[in-house]
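Reader: Can we go through this model together? I'd like to start with the cavities.

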Amino acid sequence: MKKTYLTQKLPLIVTLISILSCSDDPIPEVTENEENTPIVVVSEDQLPQIEINTLGITIEDEYKIDAVMTISEDETETFNGKIAIETRGSSSQTFPKKSYGFETRDATNEDLDVAFFDFPEEEDWILYAPYSDKTLIRNILMHDLSKDIGRYSSRTKFVEVSINDSYKGIYILMEKLKRDKNRININKLKIDENSGTSVTGGYILKIDKSDIGEGAVYNSTNSFVSKHHPNNAYEKVRFLYDYPSKDKITTQQKNYISSYVANFEDALASVNFTNPTIGYDAYINTESFIDYFLLTELSNNVDGFRISTWLVKDKNEKLSMGPLWDYNLAFGNDDFCNNGATNVWQHRQNERCGGGGPWPIPFWWERLLEDPNYKIKLKERWLELRGGALSESNILRKIDTYQKILTNTGALERNFNTWPILGEYIWPNIYVGNTYQEEITHLEDWIKDRIYWLDISIKNL
């Protein structure tokens, strides 16, 4: 792939100073013009501005159209180039504020690696549109917490987006999850690597809705099926091929990775599942499973464990959980099957939610908690994280920082002037605040209650 670096890019130290100084900026002043219409007087610092021109073509799903994109930072243009863009998401596609996936392109319309802001260069990107999450920060909070505990998670940046001169509000520019030395850093599995140690990696799998959409069409081309029924479920878990993609993965590679997952599940379900040589630990990176469990339970994510769930197996390595993805319905933002509560286990959702529907949670998590050694490791890791990255003070400090950045740059007011949804139910809200501050307070109170419950519940496992 061709590579380039942005011209006119501000030095990283200037960018960092600008971000850090946001917390001390005054709240934007609101005055009135002659028609008594409020005017926001924005501070000097602003979020990066992204402008997209589709040349009169409508952006659609599953088909990228050509467009031109510019990025401005503090009124200095730092990128101007071609992209190919499409809408993205599943249920969120029904929202009027759309999320987008895009690729950066060169003059001949070939993929072009670009380094936005302080992100490593790549050509695949996402503009995530927080909408039902009226705090606008749940996803970025989760990605930051994952990085804080030492796990790779998509790099993120608050931006404001306009399309064809129409302001669309606050977005989050994100890295698309993919195999890359700076993203999911695993071996590049070639089409001729089909035996011996060569075929052992790398692989990326997803437990997710099929790429054909809500119809949930799965077949031997795009996925394989678990041999084991999850607890309290009527469907089996399906694993989608993400890397190599369904169009590139060979039959031998399919056989290897599906057999590896089957052997892991057989070992976990066996009477000898705690044996370190022939039990589950011979197949998985247990520490990655523990970290994924703790972060997903902390957020009580309705989609956790069962949708947007990623697994990675590198060459000659064990199966690992993660990276995390799609936490906009987490942290008390979902009214489905009591998932907005602070005192329930998310990994046991099958029990309270009709068997988990078409996307049940694997039996893994309950079975792992039957191993005394696993529970000891989990409790020790929770206590370690609670003393640092997952301390209440660290989480609340992040929320306060995000809030100040969005407020002090004037972006928050512009967003909700464009999308006046505060005080309205937006699927699947369990709480509806009349103001942005009420939404933030609900999030903070929910997290405090959740941490309190988890401290007790994890101790008593």
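Author: The largest cavity holds about 50 Å³ of space. A cavity here is a set of points on a 1 Å grid over the protein atoms alone where a 1.4 Å probe fits but cannot get out; the volume is the space filled by probe spheres set on the points, which are joined across faces, edges and corners. This is a predicted model, where local features need pLDDT of at least 70 and side-chain atom pairs count only at pLDDT 80 or more, while totals for chains, interfaces and linings use all residues. Residues are numbered from 1 along each chain as its sequence is written, and side-chain values use heavy atoms, with hydrogens and water left out.

Reader: How many cavities of 30 Å³ or more does a search of the whole structure find?

Author: One.

Reader: Which residues line the largest cavity?

Author: Ile207, Asp208, Tyr218, Lys236, Val237, Arg238, Arg306, Pro358, Trp359 and Pro360; lining residues have an atom within 4 Å of a point. By class, six are nonpolar and four charged, with no polar ones.

Reader: What do the buried residues of H2 pack against?

Author: Strands E9 (124–128), E10 (156–163) and E11 (166–175), plus helices H4 (286–299), H8 (392–408) and H10 (436–459). Contact means heavy atoms within 4.5 Å. Just after H2, Gly150 takes a positive phi of about 95°.

Reader: And H9, which residues are buried there?

Author: In H9 (411–418), Ala411, Leu412, Asn415 and Phe416 are buried. They cover an arc of only 120° around the axis, so they sit on the same side of H9; the arc is that of the directions from the helix axis to the C-beta atoms. The buried residues of H9 pack against E10, E11, H8 and H10.

Reader: How many residues are in the largest nonpolar core?

Author: It has 91, and Ile137, Trp364, Trp365 and Tyr374 have the most contacts inside it. H10 gives the most to this core, with nine residues. A nonpolar core is a set of buried Ala, Val, Leu, Ile, Met, Phe, Trp, Tyr and Cys residues joined through side-chain atoms within 4.5 Å.

Definitions and conventions
1 Å grid on protein atoms, 1.4 Å probe; cavity = no way out; pocket = protein on both sides within 12 Å on 5 of 7 lines; lining within 4 Å. Nonpolar A, V, L, I, M, F, W, Y, C, P; charged D, E, K, R; others polar. Helix = DSSP H or I, 4+ residues; strand = E, 2+ residues; numbered from the N terminus. Buried < 20%, exposed > 50% of the residue type's maximum accessible area, 1.4 Å probe, protein only.
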